[in-house]
Amino acid sequence: MKWLVTGCSGFVGTNIVNYLIQKNEEVIGIDIKKPKINNIKLFKFIKFDLSVRKGLKDYINDVDYVINLAAIVSIPYSKKYPNKTKSTNVKIFRNILHNINIKKTKCIIFASSSAIYGDSLKNYEKKKISNFFSAYAQSKYLNEIDAKNFYKKYKISLIGLRYFNLYGSFSNANSRYSSVIPKWINNLIKKKVIIINGDGNQSRDFVHVDDIVKINYMLAKNFGKIKTFKLFNIGSGKSTSLKTLLNYLVKFSKIKKYKIKFRPSADFGVMESKANIKLFKQSFKFNFTKLDKGLKKTIQFYER
Ligand SMILES: NC(=O)c1ccc[n+]([C@@H]2O[C@H](COP(=O)([O-])OP(=O)(O)OC[C@H]3O[C@@H](n4cnc5c(N)ncnc54)[C@H](O)[C@@H]3O)[C@@H](O)[C@H]2O)c1
């Protein structure tokens with residue numbers, strides 16, 4: 001089977017491409033950045049800006065499954081550049097929808113985000129688009145609307161996954177937009193100060209990227225057989241405070257000395273984030289990686 005993975009050079013994309021290759025699947029990867037995986041028989045990389053470039057059809061006419069990950073992903077960045085974030089993320093997804101072969105493609109899985117919930121898991125559907133917490137959240141919500149409309153018209157399986165906080169191998173640790181786990185592991189290893197935004201009591205639902213990879217594969221294969229539109233929250237269903245997270249990282253990395261600095265929260269007031277995974281659990285049997293196990297594996301990756 002042939003897969004298209006957009007955003008193949010990013011954190012999740014790299015893990016997904018590695019997994020698909022191991023499964024002996026053929027992959028076309030698209031990104032504006034160079035991939036971390038070399039071109040081999042099963043993996044062909046195409047450098048392509050999905051938000052502006054035409055001519056996508058020629059490359060993706062024969063794909064069976066699509067996993068769309070390409071996006072501007074940082075919420076702080078999207079606060080700074082809202083129009084660019086929104087239009088890029090919307091254009092990327094529309095470019096894919098308008099250029100896939102609807103007769104051949106079995107399933108399109110696209111990355112949405114828990115960011116659309118903002119500070120409440122309830123009532124987000126009643127919110128006006130302008131009331132979303134960030135342009136990033138708006139763009140993900142607009143992707144979901146586009147997907148639903150596309151499904152209604154063409155009856156191709158479209159599955160949106162609202163990811164919570166993902167962590168694991170290949171997550172960028174060196175950008176100022178890096179997420180907390182790679183940033184803190186990196187700072188512990190390099191003996192740099194650990195910055196805690198807020199008081200450290202805010203909690204997040206952390207999910208290991210190995211789970212994301214398996215879920216994408218499982219869902220594509222399942223929903224490729226039928227025609228449906230679905231949205232799933234993808235989190236562990238458990239929430240861990242940043243203070244507890246730091247304790248784990250210190251314990252598992254065996255670092256004895258480290259410095260902490262508290263800074264006003266940049267998190268836009270979201271104190272607790274926890275996925276409601278009832279729908280996903282009703283539909284699939286899946287055991288999420290325990291946080292301690294996932295963190296140990298992630299630390300090993302950054303210590304290499
Ligand atoms: N990492 C998380 O915790 C998390 C949480 C919720 C949702 N998501 C979503 O999951 C997806 C993957 O996230 P990630 O953490 O791997 O992000 P990432 O930034 O590591 O990867 C995104 C990739 O998309 C590429 N890209 C951006 N604009 C592009 C364009 N115009 N054309 C082609 N490629 C382009 C980037 O170069 C990058 O390699 C994203 O859509 C993100 O919004 C991630």
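Residues are numbered from 1 along each chain as its sequence is written. Because the model is predicted, local features need pLDDT of at least 70 and side-chain atom pairs count only at pLDDT 80 or more, while totals for chains, interfaces and linings use all residues.

The chain splits into domain 1 (2–166 + 206–234) and domain 2 (172–204 + 239–270 + 290–303), with bounds that come from an automatic or database domain assignment. Taken over C-alpha atoms, the centres of the two domains are 27 Å apart. Where they touch, 10 residues of domain 1 are in contact with 11 residues of domain 2; contact here asks for C-beta atoms, placed from the backbone, within 7 Å. On the domain 1 side, helix 3 (75–80) and strand 10 (206–208) are the elements that give two or more residues. Helices (H or I, at least four residues) and strands (E, at least two) are DSSP runs, numbered from the N terminus.

Next comes the ligand. There are 27 residues around it, and Gly 7, Gly 10, Val 12, Ala 111 and Leu 166 come nearest; to be near, a residue needs its C-beta atom, placed from the backbone, within 6 Å. Helix 1 (11–22), strand 2 (26–31), helix 4 (82–99), strand 5 (107–113) and strand 7 (165–167) each supply at least two residues of this shell, and helix 1 gives the most, with three.

Helix 4 turns up again in a helix pair. Helix 4 and helix 5 (residues 135–154) pack at about 20 degrees, with axes 8 Å apart; axes are lines fitted to C-alpha atoms, for helices over the stretch in contact, and angles run from 0 to 180 degrees between N-to-C directions. That makes the two helices roughly parallel, since angles under 35 degrees count as roughly parallel, over 145 as roughly antiparallel, 65 to 115 as roughly perpendicular and the rest as oblique. Among the residues that meet are Phe 93 and Leu 97 in helix 4, and Leu 142 and Phe 150 in helix 5.

The second pair is helix 6 (residues 180–189) and helix 8 (residues 242–253), packed at about 45 degrees with axes 11 Å apart. Helix 6 and helix 8 are therefore oblique to each other. The contact is made by Val 180, Trp 184, Ile 185, Leu 188 and Ile 189 of helix 6 and Leu 242, Leu 246, Leu 249, Val 250 and Ser 253 of helix 8.

Definitions and conventions. Two residues are in contact if their C-beta atoms, placed from the backbone, lie within 7 Å.
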